Amino acid sequence: MRAVLRTLVPAALFLSLLAPAGAANAATERVEPFSFTVDDCEGGTIRGEGTLHAAYEIQPDWSISVEGDARGTAVGDQGNEYVLEESHSEVFALGDYTFDYRADLISQGSAPDEVLLVHYDPGSGLTFETECDD
């Protein structure tokens with residue numbers, strides 16, 4: 001997940017700087033492998049990998065529209081298996097490249113599903129945590 005987000009935002013920024021004015025509305029697509037490690041809600045760790053397919057489109061006002069689909073699998077340190085299926089879209093205004101979203105890890109067994117809260121801010125970087133019911 002961390003690698004996904006580290007790739008998504010810098011790539012969009014880079015594309016926005018290189019695109020000539022006539023390239024507005026031209027979509028660029030990327031497919032990137034990623035891996036992630038997160039804490040689960042029961043004190044364990046979940047490790048996974050997958051693939052991100054993302055499309056970036058520079059709008060006429062130079063904002064950046066990003067649509068991405070992440071698919072992957074994961075295994076907890078107790079042997080619990082999970083599937084990650086996340087679709088996300090975001091429009092970044094020129095100069096405002098922050099975002100927040102939720103990603104679901106769906107348990108394939110008796111373990112509870114996990115919800116990841118992801119936040120990116122250029123000043124503090126990428127942070128994420130697992131949302132747990134108290």
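**Figure 1. Pairing of strands E2 and E3 in the predicted model.** Strand E2, which spans residues 45-58, runs antiparallel to E3, and 13 bridges join the two. Within this pairing, Tyr56 has Val66 of E3 as its bridge partner.

**Figure 2. The turn between E2 and E3.** These two strands form a hairpin, with five residues lying between them. Trp62 is located in the turn and has a positive phi of about 70°.

**Figure 3. Pairing of strands E3 and E4.** Strand E3 also runs antiparallel to E4, to which 12 bridges join it. Val66, the bridge partner of Tyr56, is paired in E4 with Glu90. In a regular strand, side chains alternate between the two faces of the sheet.

**Figure 4. The turn between E3 and E4.** The hairpin of E3 and E4 has four residues between the strands. Gly79 takes a positive phi near 90° in this hairpin. Asn80 is also found in the loop that links strand E3 (64-76) to strand E4 (81-92).

**Figure 5. Surroundings of Asn80.** Asn80 counts as partly exposed because its relative accessibility is 24%, a value between the limits of 20% for buried and 50% for exposed residues. When neighbours within four places in sequence are left aside, Asn80 is in contact with Ala74, Val75 and Ala111. The C-alpha atom of Asn80 is separated by 8.5 Å from that of Ile46, a residue 34 positions away along the chain.

Terms used
Residues are numbered from 1 along each chain as its sequence is written. This is a predicted model: local features need pLDDT of at least 70, side-chain atom pairs count only at pLDDT 80 or more; totals for chains, interfaces and linings use all residues. Side-chain values use heavy atoms; hydrogens and water are left out. Buried means under 20% relative accessible area, exposed over 50%, partly exposed in between (1.4 Å probe, protein chains only). Contact means heavy atoms within 4.5 Å. Two strands pair if DSSP finds at least two bridges between them.
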